[in-house]
Amino acid sequence: MRHLLDTRTLSREDALRILDVAEDMADTQRREVKKLPTLRGKTVVNLFFEDSTRTRISFEAAAKRLSADVINFSAKGSSVSKGESLQDTAQTLQAMGADAVVIRHGASGAPRTLATSGWISAGVVNAGDGTHEHPTQALLDAFTIRKRRFGADSRGRDLAGIRVTIVGDVLHSRVARSNVWLLTTLGAHVTLVSPPTLVPQDVSRWPVEVLYGLDEALAREPDAVMMLRIQLERMNAAYFPTEREYSRIWGLDARRASALPADTMVLHPGPMNRGLEISAEAADSARSTVLEQVANGVSVRMAALYLLLAGAGPDDRNAADEES
Ligand code: CP
């Protein structure tokens with residue numbers, strides 16, 4: 001695996017390989033092995049043009065636990081604010097010896113541009129690009145669902161027969177897109193629930209069922225309910241219901257959460273708008289996997305960096321090279 005740019009082109013075999021290596025990484029953490037020497041001498045650059053708490057820190061922790069050197073770059077306070085281009089920024093980091101670049105960017109497709117432009121030779125990991133994809137978030141979500149469902153027997157298993165309902169602002173959500181592709185590749189049945197104005201126009205081409213009512217979807221007792229953050233910063237007020245209306249119709253409030261079967265998982269990628277798409281009762285309940293997702297994210301990102309940089313991928317295919 002040369003780059004990790006999306007889950008749309010990630011094969012079932014490669015996805016399972018990442019999840020299984022992440023299990024190995026999680027085992028080392030459980031055994032309190034603080035550091036593995038695997039990536040000693042490698043340099044990972046976190047290149048973040050958009051804000052992040054979980055993803056940036058998680059990649060930093062993952063790289064350090066594999067003994068890599070880490071350079072954190074934030075566009076704020078850098079020469080990007082003087083107009084420096086993505087090409088010049090990336091080539092500057094490459095000249096400092098980057099072996100892998102983890103990039104978050106507001107423009108959909110920026111990581112693919114970096115991977116295919118020839119500007120740099122480092123492996124590229126997409127840490128979220130515009131409304132396009134957030135592949136490591138989907139991988140950690142799949143890891144979390146698999147772990148909750150199968151426990152110690154998770155290795156090698158896909159998600160066949162698991163029913164996942166993804167709720168909320170699908171239109172702006174790179175998390176939703178990456179999850180749709182990955183979860184269905186792994187055999188899960190995915191239902192989207194969203195206000196009609198927050199459903200992407202091309203959804204009829206996605207391998208999902210679409211519902212507009214949350215109560216109807218929850219009455220089917222899915223195995224996992226994934227609440228999406230309402231992306232107010234990307235919202236056009238003309239097509240967003242009022243926050244009060246949104247919360248009443250599409251929010252996972254205490255009543256809805258308590259009516260779910262005890263083993264239904266509640267996921268949220270964070271950051272959460274408590275009281276809007278998810279209530280505090282639901283977010284902090286035993287059903288909630290929010291903090292497990294954060295912890296699992298480090299293991300999944302360790303696996304991704306390991307497979308990229310230690311040359312231990314299932315093959316050398318480059319999804320970026322394959323897609324026209
Ligand atoms: N889930 C997620 O991407 O969170 P951050 O924006 O904090 O990285």
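**Exercises on helix packing and domain contact**

Helices α2 and α11 cross in a right-handed sense (the near helix is turned clockwise from the far one by less than a right angle; anticlockwise is left-handed). The model is predicted, so local features need pLDDT of at least 70 and side-chain atom pairs count only at pLDDT 80 or more, while totals for chains, interfaces and linings use all residues. Residues are numbered from 1 along each chain as its sequence is written.

**Exercise 1.** Describe the packing of α2 and α11, and state which residues in α2 meet α11.

*Solution.* Step 1: take the geometry. The axes of α2 and α11 are 8 Å apart and the packing angle is about 55° (axes are fitted to C-alpha atoms, for helices over the stretch in contact; angles run from 0 to 180 degrees between N-to-C directions). Helices are DSSP runs of H or I with at least four residues, strands are runs of E with at least two, and both are numbered from the N terminus.

Step 1: classify the angle. α2 and α11 are therefore oblique to each other (under 35 degrees is roughly parallel, over 145 roughly antiparallel, 65 to 115 roughly perpendicular, the rest oblique).

Step 2: list the residues. Arg54, Ser58, Phe59, Ala61, Ala62, Ala63 and Arg65 of α2 meet Val294, Gly297, Val298, Arg301, Met302 and Leu305 of α11 (contact: C-beta atoms, placed from the backbone, within 7 Å). By class, this contact has eight nonpolar, two polar and three charged residues (nonpolar: Ala, Val, Leu, Ile, Met, Phe, Trp, Tyr, Cys, Pro; charged: Asp, Glu, Lys, Arg; polar: the others, Gly among them).

**Exercise 2.** Work out how α5 packs on α1, then how α5 packs on α11.

*Solution.* Step 1: start with α1 (residues 12-30) and α5 (residues 135-150), whose axes come within 10 Å and cross at roughly 65°. This makes α1 and α5 roughly perpendicular to each other, and their crossing is right-handed. From α1 come Ile18, Leu19 and Ala22; from α5 come Leu139, Ala142, Phe143 and Arg146. Six of these residues are nonpolar, none is polar and one is charged.

Step 1: turn to α11. The axes of α5 and α11 come within 8 Å and cross at roughly 115°, again with a right-handed crossing. On the α5 side the contact uses Thr136, Leu139, Leu140, Asp141, Phe143, Thr144 and Lys147, and on the α11 side Glu292, Gln293, Asn296, Gly297, Val300, Arg301 and Ala304. The classes here are five nonpolar, five polar and four charged.

**Exercise 3.** Which residues are around the ligand, and which peptide bond is cis?

*Solution.* Step 1: the ligand shell consists of Ser52, Thr53, Arg54, Thr55, Gly128, Gln137, Pro269, Gly270 and Pro271 (C-beta atom, placed from the backbone, within 6 Å). Two of the shell residues are nonpolar, six are polar and one is charged. Domain 1 and domain 2 each give at least three residues to this shell.

Step 1: the bond from Gly270 to Pro271 is cis, with omega near -10°. Pro271 sits in the loop between β9 (265-267) and α10 (280-283).

**Exercise 4.** Where is Ser67, and what is its phi?

*Solution.* Ser67 belongs to the loop between α2 (54-65) and β2 (69-74). Ser67 is not a glycine, yet its phi is positive, about 70°.

Note on methods:
Contact = placed C-beta atoms within 7 Å. Domains from an automatic or database assignment.
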